[in-house]
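Thanks for coming. I will go through one structure today, starting with how the two parts meet and ending with the packing inside.

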Amino acid sequence: MPIHDQGYRRYGGTRAAVGRAWQVIAGAGIRSIISKRAFIALMLFAWAPFLVRAVQIYVSANFQQAAFLAPKGETFREFLDQQGVFVFFVTIWVGAGLIANDRRANALQLYLSKPLTAAEYIAGKMAILFLFLAFVTWAPAMGLLLVQAIFAGSFAFIRNNAYLLPAITLFSLAQVLLASSTMLALSSLSKSSRFVGIMYAGLMFFTAALFQALRGITGSSGFAWLSPGDALEQLGDVIFRLEPRYDLSPAIAALTVVVLIAGSGGILARRVKGVEIVT
Amino acid sequence: MLEMAHDASPPAAPDASLVTDPVVQCDQLSVRYGKNWALKDVSAAFRPGAVGLLGPNGAGKSTLIKTLLGFVTPDKGTMRVLGLDVAASPLEIRARVGYMPESDSHIPGMNAVSFVAYCGQLCGLPPADAMQRAHEVLYYVGLGEARYRNLETYSTGMKQRIKLAQALVHDPDLLFLDEPTNGMDPKGRDEMLELIRDLAHHKNVNLILSSHLLPDVEYTCDHVVVVDKGAVATAGPIQALKGTRGRVYELRIKGDPSAFIGVLRQEGFDCHDTDEDVIRVFVTQMARTDGAPVHDPDPGARMLFRLAARERVQVRHLRPSVPTLEDVFARAVGEV
């Protein structure tokens, strides 16, 4: 008896609303990534600075001699700065293959033959990277605020620095959105995740080096807009009410970040298609 | 956000014998890649059941399917799939169709059952239902024993089957199969064709089979749309197209057949050479009666013998043959 005679039956169950496929994509992507032990190790390592800061807050709250270690508003800014290193590595690890691997396996035509739009596909892929990046930026920063309140036994610090909640959220959001959109755009340009990782690292290092070279030549830090990382730092200083580190208008720094995110969106809109037409 | 029909069983696929509304309708459809027209003013209706989309490589078959799926925006024309306008309701259409692409496609890093269940979930099936359907469909396509293997380890034939499984998992009303037997060995090809035939004829799944392989289309489909150079060359039920008024003869002669083919064509016969040096001659009803006695049981053969004698060509073999889709195709694309 041919195997197919064992039966094919029509489906009589329920179907979810169109528009939720991005959750399926995100869920599958997250499960796939956390199944790798090396990645779990990286995530734990990314929380090491949180532990150090938590100890610092504990010591400052419980020992008078260590009061100078008490957190200030800029402590959180410095913490997010430090997390930038982990943002870089997590972005490459998680993001490089998100679209590139699908392009290598011709999976885009499979995805887009299902009832989902290119925007939903991109949203699903971006949600994967967004979640892990938020997990190494926003989540530990917010955790530190909570730890401070617990160890100090009051919410006085949070009340006195109420701007920290939106500042941490806004800066983390800018950090995460910039990294994830740039990486996804690069990932859509190639079929090799390794090449995408190299492109991303190259983009970050080359633009930073270019900015530093121009700064050395001209003596002005007004070219910080050339480097996405430095433009983001400038924006972060303004968000955390600190003295900006570069001679660059915060509006231009913000514009740089917005243009990069919008440009990445434009690239994704052009590249994520069910069929690649070469004329 | 678009809402579909939920919490209700999807309607059973229409019985091809009862429903005559086309599942796909194209009107004046034109698609251009750069300066080249891939499809030009294509108007066609695909009836329920199994319809073959036949044509040589580059004829525009895959472009037509990709346009129907909304991957390619047409320069001109309208399309309706399952009664829905492709431009206005692409997601509703894609929820009800399954697509088996021509090229190797899979989602990296998954085993077969995860992949098929994932495709089911993308189509809106709840996770438990998607997993159950994935197992069932994988057994149906003959991959039951290999369903926990990583897709990257699959052979070409298995990859073809898994593409069919992912297209079936959400129980589509219409299947688009783009060259489904590509790269398969003879046994695998036969099994795939058997599956396709079973889906269309016993499981009431409408399907459009795009292929350049005439036997595949002839075996699985009831209707055919022949496409050539971006235009519809002919369309209709295969039996009707094959049974055109007239008769086909297989003719083998001594020497070079091309000169005699020229003579036959000058005399107004449709004929074409095959790989085995057999000339297939189509003798129409009108030609058959032309000059032949009314009581002659086989006037076509008599005419061919008469012509051969006139041209001093030795006939080695002549026998009436059953018209095949190849004859229809050859006539449609102007090879005769």
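**Chain contacts, core and sheet**

In this model, 37 residues of chain A are in contact with 47 residues of chain B, contact being C-beta atoms, placed from the backbone, within 7 Å. The model is predicted: local features need pLDDT of at least 70, side-chain atom pairs count only at pLDDT 80 or more, and totals for chains, interfaces and linings use all residues. Residues are numbered from 1 along each chain as its sequence is written, with chains lettered from A and ligands numbered from 1 in the order written.

On the chain A side, helix H1 (21–34) and helix H5 (108–112) are the elements giving two or more residues. Helices here are DSSP runs of H or I, at least four residues, and strands are runs of E, at least two, numbered from the N terminus.

Next, the core. The largest nonpolar core has 154 residues. Such a core is a set of buried Ala, Val, Leu, Ile, Met, Phe, Trp, Tyr and Cys residues joined through C-beta atoms within 7 Å; buried means 20 or more other C-beta atoms within 10 Å of the residue's own. Helix H9 (residues 164–187) of chain A gives the largest share, twelve residues. A:Leu129 is among the residues with the most contacts inside this core.

Last, the sheet. Four strands of chain B form an open antiparallel sheet, in the order E2-E1-E4-E5; pairing takes at least two DSSP bridges. Strands E2 (36–46) and E5 (84–85) are the edges. E1 (residues 24–33) and E4 (residues 76–81) of chain B pair over five bridges, and B:Asp27 stands opposite B:Thr78.

Terms used: Contact = placed C-beta atoms within 7 Å. Buried ≥ 20, exposed ≤ 12 C-beta atoms within 10 Å, placed from the backbone.
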